[in-house]
Amino acid sequence: MFGVLMITLLITIALVGSNMDTILKQGVVFQVRAEITENPAIAQSFSSVNEFEGFVQNQIDQRIQALGLDEPWYSPQRIGVTMYKIMLLDFGNATFLTSDEGSSDVKDILFEKLPRTVLLFTTATIIISSIGIFLGAFSSSKVGSTIDRVTSSFAIISSSFPVWWIGMLMIFLFAFTWQIFPARATPDIPSSDPAYLLSLLYHMALPLITIVMIGFGSWAYLVRNFMVGIMQEDFIMAKKTIGIKEKKIIYTHALKNAAPPIVTILALSLSGSLGGAIITEAVFDWPGMGRLYFEAITVMDLPVIIGATYLLTVFFLISIFIADLLYGYFDPRVRTGQ
Amino acid sequence: MSNITSQEIKQEFIKSKMGIVGITILLILVIISIITIISIPVETFQEWNNPGNWISNPKVAIPIWVNIFMIEKIPEHKIMENPNIEKISIDGINLTSHHFGLNFDYDDFPNDFIYEFSSEYSGSPLLQISVIRPDGIKLDLLTTSLPYSDGKTIHSERIFSTDNSIKKNLFLQSEKFEFIFERLSAENIVFSKTNTNEPLKGNYIFSIDMYGVNSKTEIHESKLIVGGKAFGIMGTDELRRDLAIGLLWGTPLALFIGLAVSIASVVSGLLYGVYAGYKGKKTDETMMRFNDVIYALPALPFLIILSVTISNSIFVMVGFLMIFGWVGIAKVARSMSLQIKTRGYVDAANMMGQKDSKIILKHIVPQLLPYAFASIAISVPAAITTEAGLSFLGLGDPSFPTWGQILHDANTFGAAARGMWWWIMPPGIMIAITGLAFVFIGNALDAIVNPKLKR
């Protein structure tokens, strides 16, 4: 698991590293030139143009060496240092981006954005999954009924719409045509204000409704399919013949047997919700991880990219691990050992 | 795993309503793409991002068919290219006149009018533009002479309704109207009733007269554009592009992206998984660990990094999407091949000394084909929406106008805030319909392959 994490980071560094170096080197050159133009005395102290150019080049080289940019990004030394720092959770300073308070420490930026994403997407995932499980269990008990058909067709139709497009439509309808919700999801009052939380919730409503609307159908469909499979098992038939109530069978016995795959999917979608929402956040202008990630990639801010990737991968791996443990709890057959 | 022959699948598939609907939609989309490729010249689509190509279209025009539902008709954009040509020659003065008839039947003023021409002459001919309105009033719009030239020359020009001399000319004729001209633009006067400033319906005739003295004058390309607020079947966007062309060209592109990605990833995932499962032991272990690594990579962030750093060409993008597409299929294919390889006939083939590659391709893979087809169909929508999403973030291939890019432009120009539904709705609906077709087909196939779901 740790290996997977390191490989992910290595790939990220490999992909962004060379571009990042070019940008940094250009930054150094620009900085040196700017300093010289600000201070005309330096330029006057040289007799020939060649001598002056030599001095400038020398300055640039010195600074590049000081930053360790003279070695290519793939040199073992630099990668080693980067990896070591990341393991100590030291992501360094962001090159361009800053947090709302103005700190450029990557850790500050990440931990400022993370709660917002958790607030929006984790809430949405929990709502989606609870509606989905209930609806799926309900429609599995009445296969072929109107409710079952409506759920299934809604699931199929909603899964082929991109969430962000529905988001655009919702903004169009509920923010501009009927002005019920704000169009931008970022609250416009400072976070120290006591009304901030209320305002945040109000701004969150539209994205939340959109995500839930698109998401719960496929959940219900998934749960329904698991349940339909289980409802055909012999032990359910036996329980039915004994005379246990249908409702009790569905919600206790059958649902418990359908739990392992459901829990796995729930864990994965919870962790996936932390990063997979880049486009949705861009549409609603929600100031969370997804938007941070997109901004970082567009300006090639390597420390932020690495930090965010690291965080996302860690969450993903932890949730796989937890899902595995829970799977063993719900389904004793997969337990091995003693 | 069940052993169903392809014959049975065909029969079952025809019975399923969903499958039929899916196939029908897909066929319609394929027909649309073929028609598009044949009928719309490739140049228009390569010129998608070239503003000069769209200059004669109106800005943010609503689709024409909206007028059917409107009580107050919105003026349509009209490009008139075939005038009635008259040529008179008296005493060495050659008069060439072009007449454009316009039936104006709308409840709003047009946006502007533009006369575009290219003429061949020598000397300095006189150009006169006038309009005869439905109420019989003749308004002189412009009298100007074209630049002098000794020899034969070709002169092209666009005369806009915002031209100052048109305004001055109209001002001189203001006694024909009962309202004050101040701050009114030329088109609001020309198309107005005389007593109030409201549009006057009826037939207008625009005449362009060119007088040449002792020389031959000819107007080659003569085009009168009356700029309306409605244009085409799908309207236009901020950059005057005809959205219908963008939407039509998006169809073959989306089908290509979806099918290429899903076929490639399903085939490679299938072979990978089957090989790992069949070989077993160490090979299986290492191959599955590699699979896990790819599985743990956050897909969308990596796609964004890849498209920013390496290339955003549409073909490279297909490859990137494939990298993240094959993982799940490989897992399922492996577990299926683990089951199949314990069967007697595989053992028998093995004992007969057949090569591994032959056993995999001839005895195991055919068993998985129904499943493979179902997963190809199911994974197409994901590929299309992911590509659309990347394009929406502005990371798409700018030389190919996909639906995602139209939506990206819509978002950057604030289409939602400005109520331009015709810019937002159609691309999304097209994405959804295409996805739906494949989901229908996939689900129908899936129900046949996994009979448990049916009941």
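Residues are numbered from 1 along each chain as its sequence is written, while chains are lettered from A and ligands numbered from 1 in the order in which they are written. In this predicted model, local features need pLDDT of at least 70 and side-chain atom pairs count only at pLDDT 80 or more, whereas totals for chains, interfaces and linings use all residues.

**View 1. Confidence of the two chains.** The model has an ipTM of 0.75 and a pTM of 0.78. Among the elements of chain A, the lowest mean pLDDT, 68, belongs to helix 4 (residues 76-87) of chain A, and the highest, 84, to helix 7 of chain A. Helices (H or I, at least four residues) and strands (E, at least two) are DSSP runs, numbered from the N terminus. Chain B has a mean pLDDT of 82, and 97% of its residues reach 70 or more. In chain B, confidence is lowest in helix 3 (residues 42-46) of chain B, with a mean of 72, and highest in helix 7 (residues 243-279) of chain B, with 89.

**View 2. The contact between chain A and chain B.** Contact (C-beta atoms, placed from the backbone, within 7 Å) involves 39 residues of chain A and 35 residues of chain B. Several helices of chain A each supply at least two residues of the side that touches chain B, among them helix 1 (2-38), helix 8 (196-231) and helix 13 (302-330) of chain A. That side of chain A has 27 nonpolar, 12 polar and no charged residues. Ala, Val, Leu, Ile, Met, Phe, Trp, Tyr, Cys and Pro count as nonpolar, Asp, Glu, Lys and Arg as charged, and the others, Gly among them, as polar.

**View 3. Helix 5 and helix 6 of chain A.** The axes of helix 5 (residues 106-141) of chain A and helix 6 (residues 146-159) of chain A come within 8 Å and cross at roughly 135°. Axes are lines fitted to C-alpha atoms, for helices over the stretch in contact, and angles run from 0 to 180 degrees between N-to-C directions. Helix 5 of chain A and helix 6 of chain A are therefore oblique to each other. Angles under 35 degrees count as roughly parallel, over 145 as roughly antiparallel, 65 to 115 as roughly perpendicular and the rest as oblique. The crossing of these two helices of chain A is left-handed (the near helix is turned anticlockwise from the far one by less than a right angle; right-handed if clockwise). Leu135(A), Phe138(A) and Ser139(A) of helix 5 of chain A make the contact with Ile147(A), Asp148(A) and Thr151(A) of helix 6 of chain A. These contact residues divide into three nonpolar, two polar and one charged.

**View 4. Helix 7 and helix 8 of chain A.** The axes of helix 7 of chain A and helix 8 of chain A come within 10 Å and cross at roughly 135°. That angle makes helix 7 of chain A oblique to helix 8 of chain A. Their crossing is right-handed. Residues of helix 7 of chain A in the contact include Val163(A), Met170(A) and Phe174(A), and those of helix 8 of chain A include Leu206(A), Thr210(A) and Ile214(A). By class, the contact has 10 nonpolar, two polar and no charged residues.

**View 5. Helix 14 and helix 15 of chain B.** The axes of helix 14 (residues 403-412) of chain B and helix 15 (residues 421-449) of chain B come within 9 Å and cross at roughly 155°. The two helices of chain B are therefore roughly antiparallel to each other. Their crossing is left-handed. Among the contact residues are Trp403(B) and Leu407(B) of helix 14 of chain B, and Trp423(B) and Pro427(B) of helix 15 of chain B. The contact has nine nonpolar, one polar and no charged residues.

**View 6. Strand pairing in chain B.** An open sheet of five strands in chain B has the order 2-3-8-5-6, with antiparallel pairing (two strands pair if DSSP finds at least two bridges between them). Its edge strands are strand 2 (84-90) and strand 6 (138-145) of chain B. Strand 4 (residues 112-123) of chain B pairs with strand 9 (residues 218-227) of chain B in the antiparallel sense over nine bridges, and Phe117(B) has Ser222(B) as its bridge partner.

Technical notes. Contact = placed C-beta atoms within 7 Å. pLDDT = per-residue confidence, 0-100.
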